[in-house]
Amino acid sequence: MGLWEYINLKKLIHNHKGITIIEILICFTITAVIVVSLFKMINHYKDRQDLASYKSEITAYKDTVTKTIQGNIIKHDGVLDVCDGTQFCSNDLRCNLNGSDYKISYHCDNGVITDQYNDSYVGTISTYLKMTDGTVSYLEIKKQGDPDAHWENNRTDDIKYSITYQENILDDQTKEVFSFPDIQHLEFNEPSIRRDDQSGFLKIYVGSSHPDFNDQFSVLDIRVPLQSFYPNSYIGL
Amino acid sequence: MKKMNNKGFALVETLIVSTFVVGIFTLLYINFYPMIGEYEKRETYDDIDSVYNTYLVKRMIEKEPLPKSPTSEEEQNRQIWNNKTESGRNKIECSMFIEQFEYCTQLIEQLDIESIYITLYDMSHRKIFQSQLGSEGEVGLFEYVQYLPNTPKNNGNFLYRVIVQYKTSVVGESEEKKREVYHYGTMGVYKPQKTHS
């Protein structure tokens, strides 16, 4: 072996480049510990982001529906009178608004309008609103589930919620249906349309609840004075 | 001669650089984190319900005819439109409404109104408004007035504005976790022309 080959062989034997298996294992262990500790934190922020997006969707929905209904109320110089849910709950199922009769095709159950299924996963609350300028509008809050799915699995995830508002009952073109965004586990609760005879106010309320929300949010919360109680058209334009 | 390997970092250099990087990130965190709180606070400013409820208050004020000329300072203080309004702040009470007293009491109760103020539209007397607020503990209202922009006098369309503070109870996870939340709304107001007969 010549001198040159000897020197190359020596370099080969004493080659300190590269990494040992123990060093690799230690690096992997440290990286894994860091990733696992960050995973929980990232998951937490992802959940927060999901909740924020749900709230944003609910707020956008609320803004749209409130603006439609309130805008129409102001446009027609305020609500003169309204059919209270209890007015419907008679044998007649008719609502009399300032001399005009309106026939309702829903059943009654303890003062609340429901449709014929009368179950917890299906229900409707509705009313007619007579405006100061004579226009009659219609408002409906509805939840609709699949009866077969409910009986099979007792599920509530597939329940759809919607609010229907028709500015003028004589014109079907003015009907708008606002379907609630499809958010898992989110439910409407405590919907009510009530004429408060003591205060002379109409109150329309729909709440919402979600297992991950700390606070309850309202999907709709409208309170307007009835012009039949306060006859000087205080909110007229 | 032995060759010195000068590659790599000394521990001191690493520590100095780390200190700088941590300091910069801390500064960024301190400056940007309060923005999240500000954003959440502003969700209660001029939300949709507050805007439409403030509209009802505005119409009530505009519909109330002006009273006859007051005979005493005490009488003047009980009016909606007086020196206090012109100088920057007048708190509205239902006793100031002659024709709409009952409506006013119901409106305040049904809409969960905490307080109603009239001030100048352009907020030029903001400091006078705020200087009187602290003594009544209305911290949230102070911050809302701070948030309102300076609006130039808009050619006589609105000279005044109404600021309404609402107080609602929000139910948390349980009834015990109920808390009070304040909402705020503002709107331009016209001074009525008609006088009481």
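**Reading the A–B model, value by value**

Trainee: What makes the span of helix H2 (residues 21-75) of chain A agree with expectation?

Mentor: At 1.5 Å a residue, the 55 residues of this helix should span 81 Å, and its end C-alpha atoms are 78 Å apart, which agrees. The expected span is 1.5 Å times one less than the number of residues. Helices (H or I, at least four residues) and strands (E, at least two) are DSSP runs, numbered from the N terminus. A word on conventions: this is a predicted model, where local features need pLDDT of at least 70, side-chain atom pairs count only at pLDDT 80 or more, and totals for chains, interfaces and linings use all residues. Residues are numbered from 1 along each chain as its sequence is written, chains are lettered from A and ligands numbered from 1 in the order in which they are written, and side-chain values use heavy atoms, with hydrogens and water left out.

Trainee: Which side chain joins that of A:Ser199 in a polar contact?

Mentor: The side chain of A:Asp196, at 3.1 Å. A polar contact is a pair of N or O atoms within 3.5 Å; within protein, one must be able to donate a hydrogen and the other to accept it, and residues adjacent in sequence count only if both atoms are side-chain atoms. The A:Ser199 side chain also reaches the backbone nitrogen of A:Phe201 at 3.4 Å.

Trainee: Which residues are in contact with A:Ser199, leaving aside its neighbours within four places in sequence?

Mentor: A:Tyr230, B:Gln106 and B:Gln110. Contact means heavy atoms within 4.5 Å.

Trainee: How many residues of each chain are in contact across the interface?

Mentor: On the chain B side there are 21, in contact with 25 residues of chain A. The area buried between the chains is about 2,100 Å², with carbon and sulfur atoms giving 54%. Buried area is the accessible area (1.4 Å probe) that two parts lose on being put together, summed over both. In chain B, B:Tyr52, B:Tyr103 and B:Gln110 lose the most area to chain A, together 28% of what that side buries.

Trainee: What makes A:Lys62 and B:Asp49 a salt bridge?

Mentor: A salt bridge needs a side-chain nitrogen of Lys or Arg within 4 Å of a carboxyl oxygen of Asp or Glu. Here the closest N and O atoms are 2.7 Å apart. Helix H2 (48-63) and helix H5 (101-110) of chain B each give two or more residues to the side that touches chain A, and H2(B) supplies the largest share, eight residues.

Trainee: Why is H2(B) described as largely enclosed by the rest of the structure?

Mentor: Because 14 of its 16 residues are buried. H2(B) reaches 23 Å from its first C-alpha to its last, close to the 22 Å expected.

Trainee: Why does B:Asp46 count as partly exposed?

Mentor: The relative accessible area of B:Asp46 is 29%, so B:Asp46 is partly exposed. B:Asp46 sits in the loop between helix H1 (11-42) and H2 of chain B, and its phi is near 55°, a positive value in a residue other than glycine.

How values were computed
Buried < 20%, exposed > 50% of the residue type's maximum accessible area, 1.4 Å probe, protein only.
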